[in-house]
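The sequence and the structure are shown first, and the description follows.

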Amino acid sequence: MSKAHLPTPPDFLIKEFASFQPKDRQAIAIKVAKLERKVFPAIEHFNYDVELKKKNIGMVLAFKEDDTDTVVAYLVYQRMKRLVWLHKLCVLEQEREKGLGKRLIEFLRTQMEKGGCQIHLWVDSNRKPAMALYKSCGFQQIEYRPDYYGPGRAALKMELSIGE
Ligand SMILES: CC(C)(COP(=O)(O)OP(=O)(O)OC[C@H]1O[C@@H](n2cnc3c(N)ncnc32)[C@H](O)[C@@H]1OP(=O)(O)O)[C@@H](O)C(=O)NCCC(=O)NCCS
């Protein structure tokens with residue numbers, strides 16, 4: 001088959017958690033918690049039963065267009081007036097480096113543009129893909145705490161100003 005006739009790979013659907021029917025939310029939260037357990041150490045796991053009930057917590061989710069049962073990426077944020085904390089961002093291993101992390105941040109950014117705000121996050125300096133992503137999205141380092149996550153693992157606070 002010539003290249004021009006190869007089928008296009010499925011795209012991703014990106015949706016806010018709050019846009020789902022309340023009856024479907026529990027099942028989605030379970031999938032997110034499962035993905036989180038695969039990727040992050042136990043100390044960083046969220047209790048989604050508690051967190052997602054908070055009014056100022058939001059979550060952006062990505063699914064494959066041809067498999068809307070599988071969560072392939074998620075981003076958790078918390079809005080505090082004009083400050084938004086990006087608490088979690090995770091892409092399923094086999095879907096990384098396809099622009100999905102960047103698209104989730106862009107989605108959040110578009111939602112927050114009205115009125116202007118700052119997005120803040122903490123990141124372990126050893127998480128190189130995350131550092132590359134945040135830099136590529138325009139985040140700037142505003143604080144540095146050496147050895148915060150362990151010897152040689154600094155915590156960097158990063159900021160992105162939007163909608164101003
Ligand atoms: C960090 C993470 C979310 C990135 O998601 P992703 O979908 O692979 O990132 P994208 O494809 O959108 O890439 C965005 C940019 O980062 C760069 N990047 C992503 N992964 C990279 C890697 N492994 N090495 C070098 N650069 C990388 C891309 O080249 C791209 O740069 P560009 O915009 O200049 O082209 C993903 O690797 C992940 O889930 N990691 C584990 C969890 C984690 O560390 N989360 C962050 C916690 S703070």
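From the N terminus on, the elements of this protein follow the order β-α-α-β-β-β-α-β-α-β-β. The WHY of its overall form can be given in one step: the radius of gyration is 17 Å, close to the 15 Å that the globule rule gives for 164 residues, so the protein is as compact as a globular protein of that length. The model is a predicted one. In total, the secondary structure comprises four helices and seven strands. Taken along the principal axes, the box filled by the C-alpha atoms is roughly 50 × 40 × 35 Å.

The ligand sits in the largest pocket. Around the ligand there are 20 residues, of which L89, E97, G99, K102 and S136 come nearest.

Which elements each supply at least two residues of the shell? They are the strand β4 (83–91) and the helices α3 (100–112) and α4 (128–136). The largest share of the shell, six residues, comes from α4.

| Residue | Protein atom | Distance to a ligand oxygen atom |
|---|---|---|
| E97 | polar backbone atom | 2.7 Å |
| K98 | polar backbone atom | 3.3 Å |
| R127 | N or O atom in the side chain | 3.1 Å |

Taken alone, the ligand exposes 930 Å², and the protein buries 73% of that area.

Technical notes:
Residues are numbered from 1 along each chain as its sequence is written. This is a predicted model: local features need pLDDT of at least 70, side-chain atom pairs count only at pLDDT 80 or more; totals for chains, interfaces and linings use all residues. Side-chain values use heavy atoms; hydrogens and water are left out. A residue is near a molecule or strand if one of its heavy atoms lies within 4 Å of it. A polar contact is a pair of N or O atoms within 3.5 Å; within protein, one must be able to donate a hydrogen and the other to accept it, and residues adjacent in sequence count only if both atoms are side-chain atoms. Accessible areas come from the Shrake-Rupley method with a 1.4 Å probe; for residues, only the protein chains shown count as cover. On a 1 Å grid over the protein atoms alone, a cavity is a set of points where a 1.4 Å probe fits but cannot get out, and a pocket is an open set with protein on both sides within 12 Å along at least five of seven lines; lining residues have an atom within 4 Å of a point. A molecule sits in a cavity or pocket if more than half of its atoms lie within 2 Å of its grid points. The radius of gyration is taken over C-alpha atoms; the globule rule is 2.2 Å times the number of residues to the power 0.38.
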